[in-house]
Every structure is written in structure tokens, then in C-alpha cells.
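Have a look at the fold first, then read on for the helix packing and the charged pairs.

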Amino acid sequence: IPSVSNIVPESCLLIVVGLLVGGLIKGVGEKPPILKSNIFFLFLLPPIILDAGYFLPLRQFTENLGTILIFAVVGTLWNAFFLGGLMYAVCQLGGPGLNHIGLLANLLFGSIISAVDPVAVLAVFEEIHINELLHILVFGESLLNDAVTVVLYHLFEEFANFEQVTIIDIILGFLSFFVVSLGGVFVGVIYGVIAAFTSRFTSHIRVIEPLFVFLYSYMAYLSAELFHLSGIMALIASGVVMRPYVEANISHKSHTTIKYFLKMWSSVSETLIFIFLGVSTVAGHHYWNWTFVISTLLFCLIARVLGVLVLTWFINKFRIVKLTPKDQFIIAYGGLRGAIAFSLCYLLDYKHFGMRDMFLTAIITVIFFTVFVQGMTIRPLVDLLAVKKKQETKRSINEEIHTQFLDHLLTGIEDICGHYGHHHWKDKLNRFNKKYVKKCLIAGERSKEPQLIAFYHKMEMKQAIELVESGGIGKIPSAVSTVSIQNINPKTLPVERILPALSKDKEEEIRKILRNNLQKTRQRLRSYNRHTLVADPYEEAWNQMLLRRQKARQLEQKMNNYLTVPAHKLDSPTMSRARIGSDPLAYEPKADSENLPIITIDPASPQSPESMDLMNEEPKGCGGLPPSPEEDEEGLVMRVKEPSSPGTDDVFTPGTGDSPSNQRMLRCLSDPGPRPEPEEGEPFIPKGQ
């Protein structure tokens, strides 16, 4: 029913189905099954995380890794301690039913419910098609905060059994965070490398290739959980590390199998998790306390909003692409809770935590509120705020080439500047990967010969074999290409060849080859340092020439601006000359009008008085010839300056008027002199003008 799924997210509908099924089982008189934590953590959660890790958009993830880590680590710690501290205060003020709950129990509760749930985020965010940046920020946070949640959960669980907690215990707990997170990543990397190495030798048994991907990933998760490390971090690391090498070794059919099996497996797990949440809500033991439940819900929302606002203010100081208020709202609103919190709470021991039922009730209330209320309203809010949606179309090869070109360009700029930034280290890693790692983990010639050339040889050979089988040519020399075959015997081919349409799989394979084998950056042979560069003997002369040209341009620009001031007053000589030239009958020329100068105009910029050739400005009567009556009437004669011959520099080449006296005249005439200050109350344009 598309109309329902457009309004209500799939996760909400599945919880409703679970509630109905649970109610039906209870109505019949049977005991409904409860989502046990072992089943959840060992069987239902790994497929969802492996699907997310294996197909993680690595470029967006690495570019925003700093932001994601700040939200995942600092944000989760803030939520846990803020919520735990306030809930302890509520318990102390809340009456006899809550007084017995201590500080450690509240901090444990805060650590359980503070983490954003990857399953709930995936279920909602994939339906609203939010843009890649917001999706990777919220989803990346939900993946990486697992390490913080695991550490805090086990820490407070252990501290609850201690009689006294010392400073050494707190320091060890802080260090255990690094052990849990980095240990999980290390385990994942090891299994990822083993999976990639194993796939080198599976070319003769293609059927079992997908099995190794699932097997080694699951072993990474179990190995991490065995030592209380972060299993989610191990799964993500193994998926990210193994994917490029495994896909280079396995066949295209195996790749398709892995893709669709993972999607199906994660979808089934997600469905079961939400249905079991609904069933467990009906089946479980609940203890409802209004004060505790409402306070939990309220403080969860406040902590999330405050955390996002403060952290984003700090992050935006370092980000090039700033997070806008709309982005901040979606990040805060997208902090959904889910089944991980429920399962962690279900694992608590009744002996040490007698208030477990009340914790479970509060957690289920928060899960239902975030999934139903926030999950249902986030789509209309995204439309209302006009938040950028995800680009549905696949990027073209042209876009990918330009993206890679810009990466190479930025790497070169960083090298020249001596700045070791993101692109520099990425380039170093790519070089190390190509030089050493690929030779060990990728089979055959694929690690040496560009895959595009190998694919071309393969297609050419296939075409030649098909041509031989069709009986066109008896024997073909091995060195002859397909083009030369067609030139030898063109009669064998039909007049109109219908090119076969490429299948989607073949097109995807070609696209992948092109993407992986675009032009790599050239190996840098010399290291340049701006302090050791040899001085250029001509550099000083060039600098002088550039400075003179720049001064000439500035002078011209200044005179252009000078022309934009309001018109001169009535008694200015320029206006008089202009009026005499335009209408000589209306204005009688002055007695000394025959001494008016001649001004020649440069055709390059006729509007600019700077370009007037003032060296030719001489009285007409001084040349030895009497002025003609036509010139007398015109008043001011303008002659076009002859353009300079090509190849000459108009700054360096001296003109006819470059004598010292003419240069002094130029300076005098180009300086307009001090302007009289207009008196107060005097209008800007005089009356009568």
C-alpha cells in the first residue's frame, strides 16, 4: 500500500505488526517470545552492520571523519553523563519509589539510552532520501558510537559491583575506550586482509567466493566480541578493507551474489528486529513510573539538541562546508533510538539492578517516541525546510574523471605549499597500496597491467574468435587486430552492422574498470623548496615591467572614475568649448578661441581622458599656419591616435612626446588640482544648470 508507506515509515509498521502478533499470542493464552540479547547480538545485528560497512560510501565517510568522530565520541559521552546526572537528581527528588536508585545505576541507564541506533537510522533515512552529507553524518555517528556505548556499559556494570571506585579504576576505564575501539578496528583489518588474500586463489572454484566474504566478516565480529572489543567497528573495518581487493579477484556473478544476498539478509534481520520489539513490548514485565519515564524522554531530547548545537558551533570553525541551521536540525532530529538499547538493558542482571523493569519500560517508551513521532514527521519536515535530497542518478564517467582530476590537482597544490593535508596522505596511501599491497592481494596480471587494457585485449580476442567461427576467414595472424581483420575482408560483414546493446552487468563492469584505472598522478621526482630555488636573472626586469604596466592601468582606471563625477559648473572651460562646438551660432567664440588646443584620442578607450595624447596638445596658430575658419567654428578638434605597431610595448617604447618638457606638461595636465569645497546648504547641482 504505497499511500501508507509514504506517510508511515516501514519500521513503525513492523512494530505495529509485532504488537498485534504479541497481543494475539497473549490473547490465545500462550506466552509471547521475547527478543533475547544473545539472538540479537549474534544473529540479527551482524548482517545489518556488514551490509552498511561493505557498501560504505568511503569518500564521504573519510572526508567527514573528524565531524563524525566528534559527534560519535564527544556527543555520546555528553548525552550519557548529562542524562545520567539529571536522572540521578530526579530520583533523589522523586519520592520513595526512586530514592534507592544510585548514581552508577543512573549513569549506566544514561549510557544505554544515549547512543543513536544504526538500525533505526538506516530504516528511516533510506526512505526519505536525504543528501549524502547528512546521511553519512548521522549514520556514521550511529556506527562509531558503538565503541563508546560498549565501554561505558561494561564500565558502569563493573563499577556497580565494586564497593569503592578509585581514581586508578577511572583512568583504566578511560584507557579501555582506546583499547575497545582500536582493538576492534585492528581485528577487522586482519580478517579483511585474510579474506582478500584467500580470494586470490578462488579462480577455479567461483561458487564459494561469496562464502569467504560472509565467513571472515562474521569471524571478525565474533573474535572482537569474544574479547569485549567493539564488534561493530570490527565488521566495518573488515568490510572496508576487503572490498577493493576481493572485487578485483572475484567474478562479476560472485559480486552480484554478495550484493543481493547482503541486502536480503540485512532486510530480513531489520524486519525481525522491529517485529520482535513489538512482541517483546507486549510480553515483557513493565513497571511504569510517570516521573521517571517522562523525565527520561524530556532529557533525551534536550541533551541531543544541546549536544548538536554546541558541537556544530565548534566543528564549523574548522569545516570548509559549514553545517547550516537546517542541517543541525536534521542531525538533532535524526537521533533515533532502537533495539540495541533494548537488548543492552535486557542483559542487565536482576541481582545488581532490581529496577531493570522500570529501565526497560522507559527505554521502550523512548524507542517508540523516536521511531513513531520523529520517524513519521521527519519526511514532511525535510520537505518543509527544503533540505537538499540525494541525487538519484549515477555519476557519469565525465564527473568521475573531473573529480579525480581535482583530487590530483589539490594533491599537487599541497605538495608545492608543503602542507601535509588530507589529499597528501591519501596520495601516499594510494602509492603504497599500488606498490606493495596490490601485488600481494590481487591475483595475476591485474595488479600490474591496467585493467582497461586487459579488458580491451579480452574483447578483441573474443571478437576475432567469433569472426573465425562464423567462417569469414580461414586463418588469422595473431598480431592482427579486429580493425585490420575488417579491412582485409570486408565482404564477410553485412553492410549495416547492428551493434549489440551492452547488458547492465557488462556496462557496470566497464564503468568499474574505467573508474579504477583513470590516469594516476605522476611520480614526483624532485622535491621543491621555495628557499632553495635558483634566482632568475631576468626576474627583476620582468617585475619592473609588470609594475609599470600596473601603474599605467591604475592611472587609466582613476581617470575613468574621474569622469563619473557630476557635470562641471557653467563657467568651466570644457562646457564652454563643448557648447561652442555643438552650436557655434548660439555662442559667440571668445577672442582667443584660435588658441584652443588639439586633443587626439586613443581608439582603445575613447571615453578615458587618460588615453588622450596630451603631447600633441598645442595651439593651432603656433605651427606657422593660420587656423582655418572650419577649425575656428569647431573649437576643439579631436584626432585619432595612430595605433602602435605590433610587437612593441606601449609602456617601454618612447613616443614622440617623451621629452622632459612634455612629460612635465603631462603631469600638470593630468592633475586636476584641489577642488573647492561646496559650502553647507549649497545644492550639489547649481541652479539654472
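The protein has 25 helices and two strands; helices here are DSSP runs of H or I with at least four residues, strands are E runs of at least two, and both are numbered from the N terminus. Keep in mind that this is a predicted model, where local features need pLDDT of at least 70 and side-chain atom pairs count only at pLDDT 80 or more, while totals for chains, interfaces and linings use all residues. Residues are numbered from 1 along each chain as its sequence is written, and side-chain values use heavy atoms, leaving out hydrogens and water.

**Overall picture**
- Of the 689 residues in the protein, 37% are buried (buried is under 20% relative accessible area, exposed over 50%, partly exposed in between, with a 1.4 Å probe and protein chains only).
- Take the contacts (heavy atoms within 4.5 Å) between residues at least 6 apart in sequence: 79% of them join residues at least 24 apart.

**Helix α3 against helix α15**
- The axes of α3 (residues 37-54) and α15 (residues 339-346) come within 8 Å and cross at roughly 140° (axes are lines fitted to C-alpha atoms, for helices over the stretch in contact, with angles from 0 to 180 degrees between N-to-C directions).
- On the α3 side, Ser37, Phe40, Phe41 and Leu45 do the touching, and they meet Ala339, Ile340, Ser343, Leu344 and Tyr346 of α15.
- Sorted by class, this contact has seven nonpolar, two polar and no charged residues (Ala, Val, Leu, Ile, Met, Phe, Trp, Tyr, Cys and Pro are nonpolar, Asp, Glu, Lys and Arg charged, and the others, Gly among them, polar).

**Salt bridges**
- The structure holds 10 salt bridges, each a side-chain nitrogen of Lys or Arg within 4 Å of a carboxyl oxygen of Asp or Glu.
- Glu127 and Arg379 pair up at 3.9 Å, N to O. Glu127 sits in α7 (residues 118-128) and Arg379 in α16 (residues 356-385), so this pair ties together parts 252 residues apart in sequence.
- Arg206 and Glu209 form another, with the closest N and O atoms 2.6 Å apart; Glu209 is buried at 3% relative accessible area, while Arg206 is partly exposed at 32%.
- Glu247 and Arg243 meet at 3.3 Å, N to O, and they are about one helical turn apart because four residues separate them in α11 (residues 231-249).
- Arg59, Glu63, Asp407 and Lys426 are linked in a network.

**Thr403**
- Thr403 lies in α17 (residues 397-417) and counts as buried at 18% relative accessibility.
- Beyond its neighbours within four places in sequence, Thr403 contacts Arg59 and Arg395.
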